[in-house]
Amino acid sequence: MKRFLKSLLAKYILIILIAIFLIQAAYFIIIFVFFNLVDDSDSPEEGGNTFTEIEEKWHQEATAVVSEDDVNQLFEEWREVYPNASMFWVNGNGILTVQSNLQENLPVEWDAAYTADFLKRNYNNDPFTVVAFAGENEEDGFIVFQLEREVMKPQGQRLFDQYSWAIVMLTIGVVFLFIFISLWFFRGIRKRLVHLQEAMEIRDTDGLPILIEEKKQDEIGDLEKSFNQMVQELRASREREQEEEQLRKELIANLSHDLRTPLTKINAQAYTLQKMNLPKEAKRSLKLTSTSIEDVDKLIENLMSYTLLMASKYKKELKEIDMMRFLRQYLATWYPVFEKEGFEVDIDIEPFEQNLWRVDSLWFSRILDNLLQNVLRHAADGKYIAVRTESTEHHDAIVIIDKGKGMQTSTNQNGAGIGLSIVDMMVKGMDLDWEMDSMEEGTTIKISRVKRADD
């Protein structure tokens, strides 16, 4: 229950209940002010009587009027109760004899026609009009009592009619207050959600999201708490991963160092045995052994390089070099190797528009070493290698082509995967691009440099 009371749902239900209460309270106040605080019985205009009661009382008291003094006395008594009323007496001769607070101009002499017209105009109309014969005989004339119907309304009703617009405005005000509070409520929710979204997008120095402040114990607060827990778990996982990575790197470095020593000794012994007068089969076995030792040595070297690249500890020094001269000198060292293995070597190197490439010559040599070694290992059956240059509107490229069975075809040689991973990291480390298209008919590898605007 305590958790529910702190939830956003409970807060919004409270807002709705407050709005309902305000509407009811507003109507209660209106009713109390306009109907209860006004005491109709204290109003001298109303006298606490209804129209029917006034009419009956006027007829009753009119029978006691027999002279002008009686009329004056009657009018004086009624003025005390109804000060805004109009009263007059027309005697038996049709003469307007006594009048009090007349609201309209009346003729002094009344004939039958005008009397009938007067009665017709004021019957069941406003002002409220009562006509009663004076005295016991009709020859004594008649007395008239007139009172505005508005005056006869209860004071609370008159106030209600006068200020009914206030009820509408108050109702609209309550509705707008509810809308404002709702918008303020949802604005707070949106602001917290946007803050949480921004925190998810911001990254700390370690590349992970930052922790956020947990402000309230509601649904969004639970989300913030879960987000912080996730960040903490990610940090712990990152720390464990870094520790494991460090252990792996140390293990690889130690193994590489420990393996190279016995390999060097084995290779030396094999070289010594090759000089002895041995049977051809033995010499053939020794040659295969030396080749395997060289392959393992290259694999260890690649493993060491890969570890250093992953740790960003492989030294890199970018300089502008003449790529045409570098390629010619580099391929001249590899030409005898391929010629010895019986490869058809096709070299077609044409100068670029801009021969200066900003690269690390040792890194680039290592890239070419790995690619050409893969040709020897995986494309030896094709006995073909081509190295060409290519220029387009957007890039300059060095293309290496072989006619082997493709990199996806399994061979007796291993280590191509880590070698190509080293190529990928070194190429990207020098802001170059590369792509490989390997099929059963052969493999094409392209190393390209995007042309700059100043080229």
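**Close-up views of a predicted model**

F176 counts as exposed, because its relative accessibility is 56% and the cut-off for that label is over 50%. The structure shown here is a predicted model, so please read each view with that in mind.

**View A. A nonpolar patch that includes F176.** F176 sits in helix α8, which covers residues 164-201.

**View B. The cis peptide bond between D126 and P127.** Take a look at the link joining D126 to P127: the peptide bond here is cis, with omega at about 10 degrees. P127 belongs to the loop that runs between α5 (112-122) and β3 (128-133).

**View C. N124, a residue with positive phi.** N124 is also found in the loop between α5 and β3. Although N124 is not a glycine, its phi is positive, at about 50 degrees. Is this residue buried or exposed? N124 counts as exposed because its relative accessibility is 64%, and exposed means over 50%.

**View D. N101, with a positive phi in a residue other than glycine.** Here we move to the loop between β2 (96-100) and α5, where N101 has its place. The phi of N101 is near 55 degrees, a positive value. With a relative accessible area of 37%, N101 is partly exposed, because that label covers values between the 20% limit for buried and the 50% limit for exposed.

Terms used:
Residues numbered from 1 in each chain as written. Predicted model: local features only at pLDDT ≥ 70, side-chain atom pairs only at ≥ 80, totals over all residues. Heavy atoms only, no water. Helix = DSSP H or I, 4+ residues; strand = E, 2+ residues; numbered from the N terminus. Buried < 20%, exposed > 50% of the residue type's maximum accessible area, 1.4 Å probe, protein only. Patch = residues over 30% accessible without salt bridge, like charges linked within 9 Å, V, L, I, M, F, W, Y side chains within 5 Å. Areas by Shrake-Rupley, 256 points an atom, 1.4 Å probe, with all protein chains shown as cover. Salt bridge = Lys/Arg side-chain N within 4 Å of Asp/Glu carboxyl O.
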